[in-house]
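Dear colleague,

Here is the structure I said I would pass on. My notes on the helix packing follow it.

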Amino acid sequence: MRHEARTSTIHRWTSLSPFSVRTLHEAYCSGHYGPALKRHRGVPPYLMRFFWSSPELRQQAALLAGLCLTSGALPPAPVADARERLPNLVRGEQLCEAYEAFLAFVPNSAITIDHAVLLLTVLAEGQEAALLPCLGCSGMTLIDRLALTEPMCSHCAGENHKSQSTNTRSTRRGEVGKPWRHSVRRS
Ligand SMILES: [Zn+2]
């Protein structure tokens, strides 16, 4: 509730009824015991497109995913039917722990706790996205599996794009230039 999760998210992860969530929110989050917090309504975010919309968001999502892995919220192996099997109180606490650590690094991120739930669920399913080592720097990066691109962080993809342009220019000058795909270190 402190992270302003949607009622449906709290209901799914705590098994509290929507009525109980509303009652608790009114009792503890309406401003009597600290700052008044919002209770968002509507359908939680469900499209991974949000994370691919900018290099910054993709990088932030990779950080959050790594924190979910270390907190134990993200299982190390794929989970079939993660949307049904992941939500429980213990994992919810691990997710909050990871999200709080993430906010310490990126205080004004556009990634909400509901986005964090989406990211965790999709990564646990392992079909649409994955957290993999970047081919350029070995840092963990978030990959859109549906885009069928090589695991490459935004930074290295940008650097390689530049070096590819440089190589193209070198080749035009008659010098030997290797395409970036052959020069990246694989691990
Ligand atoms: Zn990289």
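The model is predicted, so local features need pLDDT of at least 70 and side-chain atom pairs count only at pLDDT 80 or more, while totals for chains, interfaces and linings use all residues. Residues are numbered from 1 along each chain as its sequence is written.

The axes of α4 and α6 are 8 Å apart, at an angle of about 140° (axes are lines fitted to C-alpha atoms over the stretch in contact; angles run from 0 to 180 degrees between N-to-C directions). That makes α4 oblique to α6 (under 35 degrees is roughly parallel, over 145 roughly antiparallel, 65 to 115 roughly perpendicular, the rest oblique). Residues in contact (C-beta atoms, placed from the backbone, within 7 Å) include L64 and C68 of α4 and L95, A98 and F102 of α6.

The buried residues of α6 are R91, G92, L95, A98, Y99 and F102 (buried: 20 or more other C-beta atoms within 10 Å of the residue's own; exposed: 12 or fewer; partly exposed: in between; C-beta atoms placed from the backbone). They fall within an arc of 125° seen down the axis of α6, so they line one face of the helix (the arc is that of the directions from the helix axis to the C-beta atoms). On the other side, L89, V90 and A104 are exposed. The buried residues of α6 pack against α1, α4 and α7.

Regards

Note on methods: Helix = DSSP H or I, 4+ residues; strand = E, 2+ residues; numbered from the N terminus. Contact = placed C-beta atoms within 7 Å.
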